[in-house]
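Colleague: I would like to learn how to read a protein model step by step. Could you take me through one, giving the general idea before each case?

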Amino acid sequence: MRLKEGKNGHIYVVEKIQTELDLERRLEALGLTEGSQITVLNNDKKGAMTVKFRGTRFALGRRIADNIIVREAAA
């Protein structure tokens, strides 16, 4: 599934990031890499969504979130 489809309060594991190379490198520098866990804090389906990874909160635009493939983390 795509990150933009994630539900509030759920934890996901990043499987693949499919963006242009510059943006992918920037996300990697922030700590968002394949295999890392990401928690959806606010996804109200309007504008940017708020997520948390590596202990820091980030706002991600819909275009970026649409290009991040995730799976739900095991409970």
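Modeller: Let us begin with exposure: a residue is called buried under 20% relative accessible area, exposed over 50%, and partly exposed in between, with a 1.4 Å probe and protein chains only. By that rule Glu 15, with a relative accessible area of 39%, is partly exposed. Please keep in mind that this is a predicted model, in which local features need pLDDT of at least 70 and side-chain atom pairs count only at pLDDT 80 or more, while totals for chains, interfaces and linings use all residues. Residues are numbered from 1 along each chain as its sequence is written, and side-chain values use heavy atoms, with hydrogens and water left out.

Colleague: How should I read the sheet, and in what order do its strands stand?

Modeller: Strands of a sheet pair through backbone hydrogen bonds, either parallel or antiparallel. Helices (H or I, at least four residues) and strands (E, at least two) are DSSP runs numbered from the N terminus, and two strands pair if DSSP finds at least two bridges between them. Here five strands make an open sheet in the order S4-S3-S2-S1-S5, with antiparallel pairing. Because S4 (56–60) and S5 stand at the edges with a single partner strand each, one side of each has no neighbour in the sheet. On average, neighbouring strands of this sheet are turned by 40° against each other, direction ignored; the axes are lines fitted to C-alpha atoms, for helices over the stretch in contact, and angles run from 0 to 180 degrees between N-to-C directions.

Colleague: How many bridges join S1 to S5?

Modeller: Five bridges join S1 (residues 11–17) to S5, and the two strands run antiparallel. Within this pairing, Val 14 stands opposite Val 70 in S5.

Colleague: Which oppositely charged residue does Glu 15 form a salt bridge with?

Modeller: Side chains of opposite charge can pair when their charged atoms come close. A salt bridge is counted when a side-chain nitrogen of Lys or Arg lies within 4 Å of a carboxyl oxygen of Asp or Glu, and the structure holds five of them. In one of these, Glu 15 pairs with Arg 71, the closest N and O atoms being 3.2 Å apart. Glu 15 lies in strand S1 and Arg 71 in strand S5, so the pair ties together parts that are 56 residues apart in sequence. Arg 71 is partly exposed, at 41% relative accessibility.

Colleague: Which residue meets Asp 66 in a salt bridge?

Modeller: The side chain of Asp 66 meets that of Lys 4, at 3.5 Å from N to O.

Colleague: Which residues should I look at in the core?

Modeller: A nonpolar core is a set of buried Ala, Val, Leu, Ile, Met, Phe, Trp, Tyr and Cys residues joined through side-chain atoms within 4.5 Å. The largest one has 18 residues, and Leu 3, Leu 27, Leu 32, Ile 38, Val 51, Leu 60 and Ile 68 touch the most other members. Contact means heavy atoms within 4.5 Å, and, not counting residues up to four places away in sequence, Leu 27 touches Ile 17, Leu 32, Leu 60, Ile 64 and Ile 68.
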